[in-house]
Each structure stands twice: as C-alpha cells, then as structure tokens.
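Open the model in your viewer and keep the selection tool at hand. We will go from stop to stop, and at each one you select something and look at what is there.

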Amino acid sequence: MSKVKIGIIGGSGLDDPQLFTDVVEKNVKTPYGPPSDALLEGKIGGVECVLLARHGRKHSINPSNVNYRANIWALKSVGCTHVIVSTATGSLKEEIVPGDLVILDSFIDRTKNRPGTFYDGTSEEFSGVCHIPMEPTFCEETRKILINTAKELNLSIHESGTAVAIEGPRFSTKAESNLYRSWGASVVNMTLFPEVVLAKEACLCYAAVAIATDYDCWRNSVVDVEEVEAAMKKYAKNIKELFIKAIPAIAKLDWDPPICKLKVSCIFIIIIILRRRLFFNAFIIFQNKFS
C-alpha cells in the first residue's frame, strides 16, 4: 500500500497554516510559472499534507488570474496523491442555505479565459493531446470519506451537487443566476474549473467541498464581497474540522487501485492519440511517395 500525501487548496477562509504541525515553507518552480504562493508542508494527524492558498495568502489573486496549472503541477511535484479543496459558492437552491456544505459531484464550465489542460505543448512532461473523460468528475472514494466524516461531525451537508464555474471576478446577473437554476445546478463559483480537470490529468484524487455563503442574486437579494467574506469567516471552521478528521481516514485506505486507474485512463487516451498521429504521418509519407 503506497503512502499518501494530501494537498489542500484553501479558498477564502481556509489558508490557515495552524492546521498543521511541523510546518515547512517551500517555494516551487514550475514549467507554468509560479504557483499562487509558497507551499506549506506539514502533518495533520500524522499524515503528510501540503497547503496552498489558491488566491495567495494575502488574497491578492482574482479567480481569472490564478495560475491553476502551476498550482496543480506544484502539488504533484512534491509527491501529493490527493487534493482536497474548499470553495466559496453562491447557493442556487432554496434548500442549500448559507453555511451548508456541498460535496460536489459535477460541474458546468462557463469560464472564458483559462487554459484548461496541461497538454497544450508548453511542457515536455505533458506531450500530445489528452481527451480526458470527466465522468466521474471527482474521486468517488475521497468524496465518500468526506460525506461520512461530515455526518459524523453532524455538519449540514448535501451529498452531491453541480457547480457552475463562472469567469468572475464579477458576480452573476439575476438572469444568469436563474439560467443556472433552470439547468438544475446547485451552486455557482469562480475557481472549480480548470482546477478539477488539471487534477485529473495529473492523476490526483481530487474532491471539492463547496460552502454556501449566500443565495447569489436569484432570490431578490444582492450578493457582495463583504457578505461572502463574513460568511467564510463564520463557517470556515466547519471545513477545517471536516478536513482535520477526514485526512487520517483517507490515509488508512489502500489508494493503489484508484490511482492506478487514473494513470491507466490518461495513458490509454494518449496512446490512442499517438497511434492516430503515427498512422496519419505514415499515410502522408505513403501518399507523397506514390503521388
């Protein structure tokens, strides 16, 4: 059974280094530029963990400018096998009240300006093209642990939910909010994509906990930054408790099969594409020779 190392990407309210013992700060260089901040390595319940502040520890990076590829690459490069993340969201359903946690199981991408893959020719490590399957979107085994742990803690949770990832940094219009509701989405946020896709391409077991901070604007209310920040300060302790209790539970399991499955999935897709490319090149050579 391989040893696990768990990356934690903290959104608003969850970038607290006091989560850890034996904290060591590490600056990591990546082929995609610098990550959002230095990595903080330490332990939670004896389990090796790495904390990364998604928006930087000074919260100086807006969602569109987060270097998602550098963040995921950095966590992968220091040996992470898992990534669990928190994300502030606006609720799109009456029953998801501010303070509730949603263990996400799918997403809808409405972003516009973000590189969504490692496989774009900018790094030799990720050569070729990778048409990664995104169902299931998240690591189901990790999701189950988060769900069971949240129940043990008597937290108010929803065991599944679809997040609409918008570009930001602006909030939605009422028309947009109602459109997302008509699609059956549960919450809206600004950071899930491309983070979840990149984690899958990097063969990391990734799961996301959304915390509802408001009702967006469909409910005849106006969401603002102050409201979101106040809600995160109020409710972030719930996610901290969840992660602190869930991480030792994650470490107890044998993760070789799911990680192997992720790797095989990526390799298989890339091999198919390389075979197609070789066949096409051979066809062109043949055509040129006999034309």
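Select histidine 59, in the loop between β4 and α1. The model is a predicted one, so read every value here as computed from that prediction. What is the phi of histidine 59? The angle is positive, about 50 degrees, although the residue is not a glycine. Most residues other than glycine have a negative phi.

Go next to cysteine 203. Look for this residue in the loop between α4 (192–201) and β11 (205–214). Its phi is positive too, near 60 degrees, and cysteine 203 is not a glycine either. Is cysteine 203 buried or exposed? Cysteine 203 is buried, because its relative accessibility is 10% and the cut-off for buried is under 20%.

Select cysteine 139 and cysteine 205. How many disulfides does the structure hold? The number is 0. Cysteine 139 has the sulfur of cysteine 205 as its nearest cysteine sulfur, 4.1 Å away, and is in no disulfide. Cysteine 205 is likewise in no disulfide, and its nearest cysteine sulfur is that of cysteine 139. Cysteine 139 counts as buried at 11% relative accessibility. Cysteine 205 counts as buried at 1%.

**Cis peptide bonds**

Now show the backbone. Most peptide bonds are trans. Select glutamate 135 and proline 136: a cis peptide bond joins them, with omega about 0 degrees. Proline 136 lies in the loop between β7 and α2. Then pick glycine 168 and proline 169. The bond from glycine 168 to proline 169 is also cis, with omega near 0 degrees. Proline 169 sits in the loop between β9 and α3.

**Salt bridges**

- Select aspartate 120 and arginine 69. Their side chains meet in a salt bridge of 2.6 Å, N to O. Aspartate 120 is in the loop between β7 (106–110) and α2 (140–152), while arginine 69 is in helix α1, 51 residues apart. Aspartate 120 is partly exposed at 38%, whereas arginine 69 is buried at 12%.
- Select glutamate 167 and arginine 114. Their salt bridge spans 3.2 Å, N to O. The two are 53 residues apart: glutamate 167 in the loop between β9 (162–166) and α3 (174–182), arginine 114 in the loop between β7 and α2. Glutamate 167 is buried at 7%, and arginine 114 is buried at 10%.
- Select lysine 245 and glutamate 152. This salt bridge is 3.8 Å, N to O. Lysine 245 lies in helix α5 and glutamate 152 in helix α2, so the pair ties together parts that are 93 residues apart in sequence. Lysine 245 is partly exposed at 39%, but glutamate 152 is exposed at 55%.

Now highlight Lys5, Lys26 and Glu41. Salt bridges that share partners join these residues into one network.

**A charged patch**

Switch to a surface view. Which residues gather in a patch of negative charge there? They are Asp224, Glu226, Glu227 and Glu229. Pick glutamate 226, in helix α5 (residues 225–252). Glutamate 226 is exposed, because its relative accessible area is 55% and exposed means over 50%.

**Far in sequence**

Use the distance tool on C-alpha atoms. Start with leucine 52, in strand β4 (residues 47–53). Leucine 52 is buried, with a relative accessible area of 0%. Isoleucine 8 is 44 residues away in sequence, but 6.2 Å away in space, C-alpha to C-alpha.

End at lysine 76, in helix α1 (residues 68–77). Lysine 76 is partly exposed, at 31%.

Terms used. Residues numbered from 1 in each chain as written. Predicted model: local features only at pLDDT ≥ 70, side-chain atom pairs only at ≥ 80, totals over all residues. Heavy atoms only, no water. Patch = residues over 30% accessible without salt bridge, like charges linked within 9 Å, V, L, I, M, F, W, Y side chains within 5 Å. Areas by Shrake-Rupley, 256 points an atom, 1.4 Å probe, with all protein chains shown as cover. Salt bridge = Lys/Arg side-chain N within 4 Å of Asp/Glu carboxyl O. Lys, Arg positive; Asp, Glu negative; His and termini not counted. Charge placed at Lys NZ, Arg CZ, Asp CG, Glu CD. Helix = DSSP H or I, 4+ residues; strand = E, 2+ residues; numbered from the N terminus. Buried < 20%, exposed > 50% of the residue type's maximum accessible area, 1.4 Å probe, protein only. Disulfide = S-S within 2.5 Å.
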